[in-house]
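Welcome, and thank you for coming along. Open your viewer, get your selection tool ready, and we will walk through the model stop by stop.

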Amino acid sequence: MLLKIRTLKIAAFLIVLQAGLCLAAGNLLCDSGFEQSEPNWGFPDSGCWLKNAVFDDVAGCTMESARSGSNGLLLYTGFAIDQWQSQIYQDKPASAGKRYFASAWVNTSADVSWVDGSKVKVKLAFLDINKNLLIEYASDEVNTPGSGWSLLYFAANPAPRFTRYMRFTLSLEKPESGGLAIASFDDCTLREIECDDCIQFTEIPSCGNSDKLKGAVTGVNPADYSIGVYILNAGWWPKPTFASPWTEIQSDGSWQCDISTSPSDLNAAEVMAFLVPKAEIPDWPVDFTNQTGLPAMPGEAFRFPSVGAFRPSCGCNTLQFAGYNWLVKDSLDARVDPGQNWFDCNNAWVDADGYLHLKITNTAGKWRCAEVFTEDSLGDGTYKIEMQNNVASLDPNVVLGLFTWDEFAPQYKNRELDIEISQWGNPDNNNAQYVIQPWNKSGHLHRFNIDPCAADTITHTFDWGLGIVAFDSFFGSITPIQSWAYSGTDVPWPGGENFRINLWLDGGLPYSDDETEVVIKNFEFTPCVYQVEQASIDFNSVLISKTATLPVTITNEGQCSPYIVTIDVNGTDAANFFVADWSFSLLPGESKQIDVGFVPDTNRVFNANLRITGDKRLVNVPLTGNGVRFNYTRVPTVASPDFLQGTVSGVKPSDYRVVSYVLTDKWYIKPTYAKSALRPISSAGAWKCDIDVVPTDKLATQVASFLVPKTAGLPPLSLDSLDDSQMSQYQRISADKPALAISSVVANAGAAVSDDSITISGRYYITLAQLISTTQLCLSIYQADQLIWNTCVPFNFNEVTRKQGFSYNQNGVHITMKNFWNRLPVPYEYAGNIRLTLRRADLTCLRSPLTLKAEIGDFVASAVADESLDPAIINGSKPIPIQFLSGCTDSFRVDKLTIKNSSRANNDSVYIKGAITFRDEVPDLTLEDVSIGWGDATFTVPAGSFKRASRTRPKYSCTKAEAVDGGVVDALFDFKAGTFWLKVSKATLDTESDAVAFNLAMGIFSEGVFVDTGR
């Protein structure tokens, strides 16, 4: 039979990721600077670090290894050949789609042992739920002794599908040879990248112009941050001055900085700005002023949100080629990368036919190279370069590069994708290669050969999409030379890169005295224009004990080919939803329908999130599957005469019956094999069954119930197995009959930490032998299998009276057991009530399900209280106070809902009252936008609409605030009490659906729930 369930239609929304990154507050690593460990030359003993090596003694915490603070880490290999690797690591929870920044300082001092060929790295691996490797990223490596302190760092691309953990590793490896290699580490960092456009330039003065640099920040509290501005002028220099290197941000997020405080500043070609929390102002403004080139900018800076740009009208020359503005590189009298060459802007020009010429010349004994790059960032798409085939005339040391490059993003390997024509100094080498940086990572480089005599013209292309780059080269425009594609999550995301063409010398000198010239005939760029769409999502039916599916259609409306789409389901109930075809290629104009399956294998409402990733866009679609809910509300303990009780929803009660069995020597139907075996379901969905009919029923330890259509035949009297084919077609729930049952849980949040309380009451069944043999009673409380409290107290059955029972009351712990003789059959002879009360306790992060475990001698029993299955036993049907979750997670709950539908247009209203908690610091609503989502509608209350409602606590209110897209909002948020109410009125709202998506977003808080409207 097909059963109708809720219909939900969610419109897609797109998030476009841009340059820069914003990091979550706080280092995710513990003991990141080794200050929590004893500097005793032993392995760090804080409990944070683990070792992963081919021998035991791999590392030590020492004062001598410190870069900052008192302590540092000494990492070393063994002397033997097989003692080649030393690694220490930390595992941390991670989620698919999130991005992280990793860094550590490393020192290979000249006065310590080293083995040639050794290398030091920082690595970040993403792992699945079983901690199997999904993908691993690594920093650049330090491979020379005497390097001093260097920062190793990188920003990983989004964590791939199935990610549940990440592993941060400090690694030292030597080649397979004898000898000891040693390196020091300190000041490690692992942070989540939370936003991508926190800082931007709004006005950039051109070269020679003394106007101020202007910008803006978003997504942060301006009062908590400062701007660090730097210009490139024969080194990176802080602005406006050394004495005052930090720029304040105005309350509206705007800022400005004087970058021309000395005459030479007027011609500084590049400018960068960093958004730095005031609480973390670093001491690096003058550390790199004597260096030249971007690599001198300390990598530590790139853990902060940043933005960089070239100043307009700088350099000795600009040119027009193929419809684009190109800047021409000139290094004056300095050697710069690539290859530490001199670059001369006179070595690039466009002829009368519109062809670009690049040349390497010898001027005054110096070999001078050429490079041009687009003034604008082009992004992902199809790059096409047509050039004359003069491969035969290229010196073996000459390199022709066709590539993307982001000057201001070394943490992303500068977003470099290369087509390079060169033999790299060896005339026997192939003369061309495709590269994904870093080139030395396995699978990132593909070499091939171009026949210098095959044709006069060569065309190179590469298609860059999310997760894939496809290279092609042709003689002329159609005869294939070579093709190669690389796909993976480490393909860089588009950002601030531009396209560059350069001609330079590997090693600084050519083989001969001949000058070299190449001619680029044309350049074309076709941007990717992807559109990811999904059909309306409608869980319109579910087959009992089977699966439901929903169709999702995705279309590639762009020009890039091939194009990778990935599908992921995440969230707490992700395991109940599945996608068989989770990664596939879409050609331009091609569409594909996928089916998302839903398996209702337990009995509650399921919520998850369908994540469709394509190009830089993420489409997030909330999923819900409430289907048939068939569950127990009370399972009697062993030997108890109580009735078995449960509920059913999602079906028409009059069309179904419930059949129950208990297990003794086999499964027997209850209460009797007659019409009474088919238990009716009330109009409210409740049912009950007497399972204690004959004496042997008291010995039954398990119970099973089936939901069967009324039209089905009478089930069998007994079953040897629950897998019997006669019952496999029906939905089943099973449970063990416990010797301990919880009848109530009352939890109260105190006014202060360690002032909470909880009382758990229940009923137990126990044998006389178990009571006599014990000397202590042990009780434990678990939350989701994690122990949160336990105690053992003395117990002497000879001192326990039948009338008064057992009582213990010390240190805020009160335990009572009331025992009585009950003439129970074997194995249970005693039954009674147990009660545990904890006062003056810290119950932070407490939530259901809760498990009470009791141990009395050989007697071990446990009982579970779960507010989602049996809400009546939690606080008298109320949930555990949400205030316990403050500081633990972002969450909110709806406690009261009133919807009013008006016959007049734009006059609906909804009133919502509930509770709310924050994982991090609560937002200041006087400075934040507050967005309220109801179904497909979003109501954004602009910053400044809320006022503080209390001088001493984080309490904010707004009255008749005009939302940006229409509607009026009244609201009160009391973040200390963890409560809120809000009203949206004078709006068009979904007032008819039985389930509506309700969302709140403020600051970094963004959460949503599905609200049962009662329709």
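Is Lys278 buried, partly exposed or exposed? Select Lys278 and look: this residue is partly exposed, with a relative accessible area of 36%. Here buried means under 20% relative accessible area, exposed means over 50%, and partly exposed lies in between, using a 1.4 Å probe and protein chains only.

Before moving on, a word about what you are looking at. This is a predicted model, where local features need pLDDT of at least 70, side-chain atom pairs count only at pLDDT 80 or more, and totals for chains, interfaces and linings use all residues. Residues are numbered from 1 along each chain as its sequence is written, and side-chain values use heavy atoms, with hydrogens and water left out.

**Stop 1**

The term stands for a side-chain nitrogen of Lys or Arg within 4 Å of a carboxyl oxygen of Asp or Glu. Glu248 sits in strand β17 (residues 246-248), while Lys278 is in the loop between β19 (270-277) and β20 (306-310), so this pair links distant parts of the chain, 30 residues apart. Strands, like helices, are DSSP runs numbered from the N terminus: E with at least two residues for strands, H or I with at least four for helices. Glu248 is also partly exposed, at a relative accessible area of 44%.

For a network, select Lys329, Glu371, Glu407 and Arg500, which are joined by salt bridges that share partners. The count of salt bridges by this rule comes to 19.

**Stop 2: Asp91 and its two partners**

Asp91 forms a salt bridge with Lys131, where the closest N and O atoms are 3.2 Å apart. Asp91 belongs to strand β6 (residues 85-93) and Lys131 to the loop between β8 (119-127) and β9 (133-138), so the pair ties together parts that are 40 residues apart in sequence. Lys131 is partly exposed, at 37% relative accessibility. Asp91 also meets Arg167 in a salt bridge of 2.7 Å, N to O. Arg167 lies in strand β11 (residues 165-173), so this pair ties together parts 76 residues apart in sequence.

**Stop 3**

Colour the strands next. Five of them form an open sheet in the order β3-β6-β11-β8-β9, with antiparallel pairing. Two strands count as paired if DSSP finds at least two bridges between them. At the edges stand β3 (50-51) and β9, each with a single partner strand, so one side of each is left without a neighbour in the sheet. Five bridges join β8 to β9, and Leu124 has Tyr137 in β9 as its bridge partner.

In the loop between β8 and β9, pick out Ile129. Ile129 is exposed, at 59% relative accessibility. Leaving aside neighbours within four places in sequence, Ile129 is in contact (heavy atoms within 4.5 Å) with Phe162, Arg164 and Tyr165. The C-alpha atoms of Ile129 and Arg164 are separated by 5.2 Å, although the two residues are 35 apart along the chain.

**Stop 3: the largest nonpolar core**

Which residues touch the most other members of the largest nonpolar core? Select Leu358, Val372, Ile450, Phe462, Phe499, Ile501 and Phe523 to see them, within a core of 51 residues. Such a core is a set of buried Ala, Val, Leu, Ile, Met, Phe, Trp, Tyr and Cys residues joined through side-chain atoms within 4.5 Å. Strand β35 (residues 498-505) gives the largest share of this core, five residues. Zoom in on Val372: not counting residues up to four places away in sequence, its contacts include Leu319, Trp326, Leu358, Phe499 and Ile501.

A second, separate core has 42 residues, among them Ala747, Leu771, Leu838 and Phe884.

**Stop 4: another sheet**

Finish with the five strands in the order β51-β48-β47-β50-β52, an open sheet with antiparallel pairing. Its edges are β51 (718-719) and β52 (731-736), each with a single partner strand, so one side of each has no neighbour in the sheet. Eight bridges join β47 (residues 656-663) to β50 (residues 702-709). Select Val659 and you will find Phe706 of β50 opposite.
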